[in-house]
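The report that follows describes one protein chain in running text. Please keep the sequence and the picture in view while reading.

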Amino acid sequence: MKALTTVAIALLVGAAPVHADGDWIRPVTHAATQEECGACHMAYPAGFLPARSWSAIMGDLENHFGENAQLDEATRAEIEAYLVSNASKGFRLSVFSTPPIKISELRWFKHEHSHEVSSAMMRKAKSFSNCAACHRGAEQGYFDDD
Ligand code: HEC
Ligand code: HEC
């Protein structure tokens with residue numbers, strides 16, 4: 001029974017992010033996050049993941065999707081605090097479920113990207129993680145521009 005409840009609650013992780021103003025999501029405004037988390041890909045807006053996801057990501061930077069993204073402890077803690085305090089509050093995560101660490105694997109994301117994404121766009125972007133390849137306004141917080 002407990003396992004079933006966990007599964008049911010984990011499915012709610014698919015809830016769409018709460019957009020602050022219609023189709024706008026607050027871009028990263030914190031200098032260290034912009035710099036350190038924008039070095040390999042765009043600095044993803046904090047509001048796309050719940051707090052526990054950011055803590056999981058920030059707690060394992062040595063094993064970051066096959067890269068070592070380790071930071072000195074002061075910077076790491078400062079970035080985690082920024083991401084956690086600006087995280088999405090629209091998610092309901094079970095205490096038993098593993099927090100998602102990819103925006104592009106969330107249910108709302110898959111739903112939004114199941115049609116309309118041409119194979120030409122996908123070839124150019126290479127990965128769904130490369131938001132700005134398809135969303136020209138991504139760095140400014142706009143994702144409905146195409
Ligand atoms: C050394 C390069 C590097 C740095 C620095 C880096 N990342 Fe990443 N990150 C990656 C790679 C590689 C991926 C996986 C991309 C893919 O799957 O195509 C990734 C993926 C992600 C994803 C999932 C994207 C998705 O598809 O939803 C998140 C979230 C993320 N990073 C957060 C961060 C945060 C927060 C920081 C700053 C502390 C950071 N990254 C710094 C290399 C980096
Ligand atoms: C290969 C191209 C591509 C990539 C990469 C991509 N998207 Fe999208 N995205 C689209 C298309 C096409 C749509 C549907 C048309 C639209 O609404 O803009 C869409 C829709 C969306 C929407 C819904 C917009 C709305 O209000 O209707 C959001 C939010 C979004 N994407 C976020 C992201 C994020 C965050 C990333 C990176 C983690 C990303 N996308 C990566 C192509 C892409």
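Two residues are in contact if they have heavy atoms within 4.5 Å of each other. The structure is a predicted model, in which local features need pLDDT of at least 70 and side-chain atom pairs count only at pLDDT 80 or more, whereas totals for chains, interfaces and linings use all residues. Residues are numbered from 1 along each chain as its sequence is written, chains are lettered from A and ligands numbered from 1 in the order in which they are written, and side-chain values use heavy atoms, with hydrogens and water left out.

**Overall picture**

The chain has seven helices and zero strands, where helices (H or I, at least four residues) and strands (E, at least two) are DSSP runs numbered from the N terminus. Of the 146 residues in the chain, 38% are buried; buried means under 20% relative accessible area, exposed means over 50%, and partly exposed lies in between, with a 1.4 Å probe and protein chains only. Among the contacts with a separation of 6 or more, 66% come from residues 24 or more positions apart.

**Helices α3 and α4**

Two packed helices are described by the angle between their axes and the distance between the axes. Axes are lines fitted to C-alpha atoms, for helices over the stretch in contact, and angles run from 0 to 180 degrees between N-to-C directions. Helix α3 packs against helix α4 (residues 73–85) at an angle of about 165°, with the axes 9 Å apart. That makes α3 roughly antiparallel to α4, a word used for angles over 145 degrees, while those under 35 count as roughly parallel, 65 to 115 as roughly perpendicular and the rest as oblique.

On the α3 side, Ala-51, Trp-54, Ser-55 and Met-58 meet Arg-76, Ile-79, Glu-80, Leu-83 and Val-84 of α4. The residues of this contact divide into six nonpolar, one polar and two charged; Ala, Val, Leu, Ile, Met, Phe, Trp, Tyr, Cys and Pro count as nonpolar, Asp, Glu, Lys and Arg as charged, and the others, Gly among them, as polar.

Ser-53 also has its place in α3, and Ser-53 is buried, with a relative accessible area of 0%. Leaving aside residues up to four places away in sequence, Ser-53 touches Pro-99, Pro-100 and Ile-101.

**Aromatic pairs**

Rings of Phe, Tyr and Trp (its six-membered ring) pair if their centres lie within 6.5 Å; planes under 30 degrees apart count as stacked, over 60 as edge-to-face and the rest as tilted.

| Pair | Centre to centre | Angle between planes |
|---|---|---|
| Phe-48 and Phe-143 | 5.2 Å | 75° |
| Phe-109 and Phe-128 | 5.6 Å | 85° |

Phe-109 in helix α5 (residues 107–112) and Phe-128 in the loop between α6 (119–125) and α7 are 19 residues apart. Phe-109 counts as buried at 7% relative accessibility, whereas Phe-128, at 32%, counts as partly exposed. Phe-48 and Phe-143 are both buried. One aromatic cluster is formed by Phe-48, Trp-108, Phe-109, Phe-128 and Phe-143.

**Backbone angles**

Most residues other than glycine have a negative phi. Phe-65, which is not a glycine, has a positive phi of about 50°; Phe-65 is found in the loop between α3 and α4. Glu-116, also not a glycine, has a positive phi of about 65° and lies in the loop between α5 and α6. Phe-65 is partly exposed at 44% relative accessibility, while Glu-116 is exposed, with a relative accessible area of 75%.
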